[in-house]
Amino acid sequence: MKYFRLSQDAVKALADTYSTPLLVLSLEQIELNYHLLAENMPDVKIYYAVKANPDERIVRRLNAIGGYFDVASDGEMRMLQELNINPDRMVYANPVKTGSGLNVAHDVGVHKFTFDSESEIDKMAAAVPGGTVLLRIRVDNPHALVDLNKKFGALPEEALELLSKAQAAGLDVAGLCFHVGSQSTDDEAYLEALKICRQLFDAAAKRGMNLHILDIGGGFPIPTLTEEPDVAAMASGIYKAVRQFFPDTEIWAEPGRYICGTAVNLITQVIGTKVRNNQQWYFLDDGLYGTFSGVIFDHWDFELETFKTGKKVPSTFAGPSCDSLDIMFRDKPSVPLEIGDLILVPNCGAYTSASATVFNGFAKTQTVVWEEVYEAIQAKLELATAG
Ligand SMILES: *Cc1c(COP(=O)(O)O)cnc(C)c1O
C-alpha cells in the first residue's frame with residue numbers, strides 16, 4: 001500500500017504559497033484507509049475514533065461515505081451535532097463519562113455507551129435511562145505501542161456481575177467491547193480477546209442475557225520508521241476469526257490512527273542551527289507543543305525527510321518555543337541542514353494536531369486539503385518548469 005506523500009516540488013510550492021509550518025491533509029487517503037478496512041472486514045460498522053484527529057473535514061468525509069463515530073466527550077458530540085451527524089451513528093465510548101458528557105449525550109440523542117465499572121452504571125441509568133451499553137473487557141497486549149488496558153477494561157471474571165447489574169438498573173445490555181491498544185502490530189491480541197468474549201457471550205446467555213453486539217475497538221497500525229504493517233492481511237485475518245467465533249453477531253470496530261495517520265504530511269522548516277555540547281542542533285518552526293506533541297503523548301518517532309544528501313550525524317531537533325522541554329529528537333541521524341531547509345514529515349495525521357497546544361503564543365499549524373489546493377500548486381509547478 002502506498003500512502004500519501006508529497007513530492008519535493010510540491011513541498012516547495014506549498015511552502016511558498018502558504019508558508020510553514022503547514023499540514024497537508026489528503027481526504028482521498030482518508031477514504032482509501034476507510035475502504036481498506038471496510039473491504040477486509042465486510043459488514044463491520046466502522047466507528048472512527050474522533051480523538052485521533054478531530055478535523056471536521058475528515059469527519060464530514062467519513063460521514064459522507066457511511067462511517068460511524070466513536071466520541072468520548074461533550075465537545076466531540078457537540079461538534080458532530082453541528083455537522084448534522086445522526087446521533088444513531090455515534091457511540092460514546094469513554095468508560096468513565098463526565099456529568100456534562102452524559103447531559104450532552106442525552107441532549108444530542110446519543111444512546112450507545114461503553115462502561116467498565118460498577119460506579120458508571122448508576123450514572124448512566126440516571127442520565128440516559130434505558131441506554132444501550134457495552135461492557136469493556138480488559139485485554140493485555142505487550143505488542144501495542146500505547147497500552148490502553150492499563151487504564152480501562154473490566155476483568156473477564158467481573159464481567160457477568162457488571163452486566164447483570166447494568167440490566168437490573170434498566171440499561172439495555174447489548175454486548176462487549178475491547179481495545180487491544182494502539183498501533184498493535186499483529187492480530188494475536190485480537191484473537192485472544194475474541195476467545196474471551198465468546199466465553200462471556202455464552203456465559204451471559206446462560207443467565208438469560210442476549211448479547212448481540214461485539215466492538216473490537218481500534219489499534220490498527222500505520223507505517224513506522226522501521227516497519228510497514230500489512231493492514232489488509234491483518235484486518236482480513238481478524239475478520240475471519242471474528243466470523244468464526246461470532247457468526248451472527250453485529251460487529252463494530254473503532255479505528256482512529258489507521259484512518260487518519262497516513263493522510264497528513266507536515267511541512268516544517270529549519271529556523272535555527274547551533275552546536276551545543278558537540279552535537280548539531282536544529283530548531284524547527286513546529287515543535288513538541290505543536291504537531292510533534294505525539295512524541296510525548298503518543299510515544300511516536302517521526303520520519304524527517306530533508307531532500308538533501310550528505311553524511312548523517314546524530315543531531316538534536318528542537319521546537320520553536322522557549323521551553324527546554326521542547327526538544328523532539330536527540331541523536332537522530334541527519335544530513336547537514338541550513339536555515340530555510342524544508343522538512344517533510346509523512347504519516348503525521350494521528351495524535352499530532354489533535355493534542356497540539358498554543359503554548360508560548362505559537363498558533364496551531366494550519367491544515368490545507370491537498371485535493372483542494374492541488375490544481376493551484378500544479379499550475380505553479382508548471383510555471384516554474386516553463387520559466
Ligand atoms: C483511542 C481509542 C480508539 C482509537 O484507537 P486507535 O489505536 O487510534 O485505532 C478506539 N476506541 C477507543 C475507546 C479509544 O479510546
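## Exercises on helix packing, a buried strand residue and cysteines

Within this predicted model, Asp74, Met77, Arg78 and Gln81 of helix α4 meet Ser100, Gly101, Val104, Ala105, Asp107 and Val108 of helix α5, where contact means heavy atoms within 4.5 Å and helices (H or I, at least four residues) and strands (E, at least two) are DSSP runs numbered from the N terminus. Local features need pLDDT of at least 70, side-chain atom pairs count only at pLDDT 80 or more, and totals for chains, interfaces and linings use all residues; residues are numbered from 1 along each chain as its sequence is written, and side-chain values use heavy atoms, without hydrogens and water.

**Exercise 1.** Determine at what angle the axes of α4 and α5 cross, and with which handedness.

*Solution.* Axes are lines fitted to C-alpha atoms, for helices over the stretch in contact, with angles from 0 to 180 degrees between N-to-C directions. The axes of α4 (residues 74-82) and α5 (residues 99-108) come within 8 Å and cross at roughly 20°. The two helices are therefore roughly parallel, a label for angles under 35 degrees. The crossing of α4 with α5 is left-handed, the near helix being turned anticlockwise from the far one by less than a right angle (right-handed if clockwise).

**Exercise 2.** Describe how α8 packs on α9, and classify the residues of their contact.

*Solution.* Helix α8 (residues 188-206) and helix α9 (residues 231-245) have axes 10 Å apart, at an angle of about 15°, which makes α8 roughly parallel to α9. Their crossing is right-handed. From α8 the contact draws on Tyr190, Leu191, Leu194, Lys195 and Arg198, and from α9 on Met234, Ile238, Ala241, Val242 and Phe245. These divide into eight nonpolar, no polar and two charged residues, where Ala, Val, Leu, Ile, Met, Phe, Trp, Tyr, Cys and Pro count as nonpolar, Asp, Glu, Lys and Arg as charged, and the others, Gly among them, as polar.

**Exercise 3.** Decide whether Ile267 is buried or exposed, and find residues that it touches.

*Solution.* Ile267 lies in strand β12 (residues 264-276). Its relative accessible area is 0%, so Ile267 is buried (under 20%; exposed is over 50%, partly exposed in between, with a 1.4 Å probe and protein chains only). Not counting residues up to four places away in sequence, Ile267 touches several residues, including Leu6, Val11, Leu14, Leu342 and Ile343.

**Exercise 4.** Count the disulfides and examine Cys197.

*Solution.* A disulfide is a pair of cysteine sulfur atoms within 2.5 Å, and the count comes to zero. For Cys197, the nearest cysteine sulfur, that of Cys177, is 8.4 Å away. Cys197 counts as buried, at 1% relative accessibility.

Definitions and conventions. Parallel < 35°, antiparallel > 145°, perpendicular 65-115°, else oblique.
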